[in-house]
Structures are given as C-alpha cells and as structure tokens.
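Here are my notes on this model, point by point. Please read them with the structure open.

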Amino acid sequence: MHLDLEQPEKEMDLLRKSMNACEDAGFLEQSVTANVYVGIGKTQRRQGKMLEALDSYKKAMHIKRKIYGDDHISVINKHCNIANILVEQGDFNSALAGFN
C-alpha cells in the first residue's frame, strides 16, 4: 500500500479499509492489525490529532505486547511513539512512566 503524505484524508481512508480487512479476516490480535494502528497513529499525528494518535499507538502496543511480551523491540518502539506524543504535550512524567 502506498500512502500519500500530501493527502491525509486519502491515506486515512486506505488505512480504514485495511483495518476493515483485518477485522473481516479475524486478525484483531495479529501483528498486521497493530501495524495498521501504527499507520493510523502516524497519520493522526501529522494531522495534529494527538489524542487520537495516542489511542492508536496504545492499541498497537497492546496487541504487540500480547504477541511478543514486554521486552520485544516492537513493544519498545510503541512506547517511544507514545512517549514522543506525551513529550510534545508537555507531559514529561507520563512519558517517563511508560518506561518504568
């Protein structure tokens, strides 16, 4: 799937279609679904929708944690995504707390 960074509405439409396909296939707890959540989060973040992006990253992290456990690089990457948003919002304590 090619995402068009100049057209976030189109990008979001493609990501929603991908999420629907994951749901239809029964992949709700699969890595591919987590990756779609990450794509949605990145798009929401570029659109300035930080709370929505935070929620998408948390959903991705929850799935990755169930699959790989807490110490896997995929889970740590999601922690970083979440922490970056929290830092941008000035919530340094919550950003650090996610790594404890």
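How many disulfides does the structure hold?

1. Cysteines. The count is zero disulfides. Keep in mind that this is a predicted model. Cys22 is buried, because its relative accessible area of 6% falls under the 20% limit. Cys80 is partly exposed, at a relative accessible area of 32%.

2. Nonpolar core. The largest nonpolar core has 22 residues. Within that core, Val36, Ile40, Tyr57, Ile82 and Ile85 touch the most other members. Four helices each supply at least two residues of this core: α1 (8-25), α2 (31-46), α3 (50-68) and α4 (73-88). The most comes from α3, which gives seven residues. As background, nonpolar side chains in soluble globular proteins tend to be buried together.

3. Val36. Which residues does Val36 touch, not counting residues up to four places away in sequence? They are Leu15, Ser18, Met19 and Cys22. Val36 is also one of the α2 residues that meet α1.

4. α1 against α2. The two helices pack at an angle of about 160°, and their axes are 10 Å apart. α1 is therefore roughly antiparallel to α2, as the angle is over 145 degrees. α1 passes α2 in a left-handed crossing. On the α1 side, the contacts involve Pro8, Glu11, Met12, Leu15, Ser18, Met19 and Cys22. Their partners in α2 include Val32, Val36, Ile40 and Thr43.

5. α2 against α3. Here the axes come within 8 Å and cross at roughly 160°. So α2 and α3 are also roughly antiparallel to each other. Their crossing is left-handed. From α2, the residues in contact include Ser31, Ala34, Tyr37, Val38, Gly41 and Arg45. Those they meet in α3 include Met50, Ala53, Tyr57, Ala60, Ile63 and Ile67.

6. Residues of α2 with two partners. Tyr37 is among the α2 residues that meet α1, and Tyr37 is also listed among those that meet α3. Ile40 is one of the core residues that touch the most other members.

7. Asp55. This residue lies in helix α3. Is Asp55 buried or partly exposed? At 39% relative accessibility, Asp55 counts as partly exposed, because that value lies between the 20% and 50% limits. Asp55 and Tyr37 are 18 residues apart in sequence. In space, their C-alpha atoms are 9.1 Å apart.

Definitions and conventions. Residues numbered from 1 in each chain as written. Predicted model: local features only at pLDDT ≥ 70, side-chain atom pairs only at ≥ 80, totals over all residues. Heavy atoms only, no water. Core = buried A, V, L, I, M, F, W, Y, C linked by side-chain atoms within 4.5 Å. Buried < 20%, exposed > 50% of the residue type's maximum accessible area, 1.4 Å probe, protein only. Contact = heavy atoms within 4.5 Å. Disulfide = S-S within 2.5 Å. Axes fitted to C-alpha atoms, helices over the stretch in contact; angles between N-to-C directions. Parallel < 35°, antiparallel > 145°, perpendicular 65-115°, else oblique. Left-handed = near helix turned anticlockwise from the far one by under 90°.
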